[in-house]
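Reader: Could you walk me through the pockets of this protein, please?

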Amino acid sequence: MSQRHRIAVIGGDGIGPEVVDAALSVIAATGVEVDTTTFDLGAARYLRDGFVLDDGTLASLRDFDGIMLGAIGPAIGDTRIPGGTLERGLLLKLRFSLDLYINYRPFRGVPGSLAEGCEFAIVRENTEGPYAGEGGILRHGTAHEIATQGSVNSRFGVERCVRYAFARANRLERKKLTLVHKTNVLTFAGDLWNRVVKTVSAEYPEVEVDYNHVDAACIYLVENPQRYGIIVTDNLFGDILSDLAGAVTGGIGYSASGNINPEKTAASIFEPVHGAAHDIVGQNKANPLAAISSAVLLLEHLGETEAAARIDVAVRNFDGDPNELGTSGITTYIQERL
Ligand code: IPM
Ligand code: MN
């Protein structure tokens, strides 16, 4: 492919811009040509002028071929931004408005981690569940107040997520898909997820299907992570499980993610799972490998599979000491081994 790709860059806060720069320079080293446009969004921007995201910015982001995002969030202990302002107003607004209905998070156990040698991925539904915003507070601030926050599970939303997960599982060497839910208690939502998995599985006779309750999955991820290929689950379970999966595979410093609109009706967002880590900003200490692995997902999404594979192999074979190399050293290490 020789076509130039138009990439929006939201470095965000803390180490976000540093790791995104590293990822972009690794992309550049593959020869894939991208034109980048930077968007100043996140906690720092909000604290400066109160801006979170508006319709105009959303509309221009929509049309890019892809979006690289670093990290969004204030420093720990900085209480100036009301909870939810950036989560609901920026991150979730982007996921919902751009219909990024898949949150794809691949994991690879690094040497020395609990899940050393294991490879699996979480396919998390990214637009529904308890994240959808259903509910509210009645009699706010009184002794009789009531807060509800329902989990939204549409047939359409569950099915498109499950289909994506099966398609992914079918491409694996070991074709295994595990539905993770809590069907013994969340009997309505669980029943829908269960039936959809059953129905779609008929189209994928080669994919072995398993089911785990989410609490049991927490044990298995720690004690027996090799049992997994693709985990498919709802928005909240997927959020929690992906932090656990990050921890057992070597820390979320290595975890990549794609917020994906598979039909490409709007730009997808690729971001490391880790946060802004304000305490190490500007010290060449941030590990860019999660951002670089997110760039692999971006390149795959753009159809640049050969460049994606080259970076992926270099990351896979990384055997340097991240603390010694620092951000720039790790970046150069990867660039030199493409
Ligand atoms: C993640 C994050 C987000 C989520 C927050 C920041 C809204 O934890 O991407 O996993 O809950 O999805
Ligand atoms: Mn999370």
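Reader: Which residues lie nearest the centre of the second largest pocket?

Author: A pocket here is an open set of points on a 1 Å grid over the protein atoms alone, where a 1.4 Å probe fits, with protein on both sides within 12 Å along at least five of seven lines; lining residues have an atom within 4 Å of a point. This is a predicted model, in which local features need pLDDT of at least 70, side-chain atom pairs count only at pLDDT 80 or more, and totals for linings, chains and interfaces use all residues. Residues are numbered from 1 along each chain as its sequence is written. Of the 35 lining residues, those nearest the centre are Ile72, Glu87, Leu91, Val273 and Gly275.

Reader: How much space lies in the largest pocket?

Author: Volume is the space filled by probe spheres set on the points, with grid points joined across faces, edges and corners. The second largest pocket holds about 800 Å³. For the largest pocket, the value is about 1200 Å³.

Reader: And which residues are closest to the centre of the largest pocket?

Author: Helix H9 brings six residues, the largest share of this lining. Out of 41 lining residues, the closest to the centre are Pro106, Arg108, Glu119, Asp312 and Arg316.

Conventions
Chains are lettered from A and ligands numbered from 1 in the order in which they are written. Side-chain values use heavy atoms; hydrogens and water are left out. Helices (H or I, at least four residues) and strands (E, at least two) are DSSP runs, numbered from the N terminus.
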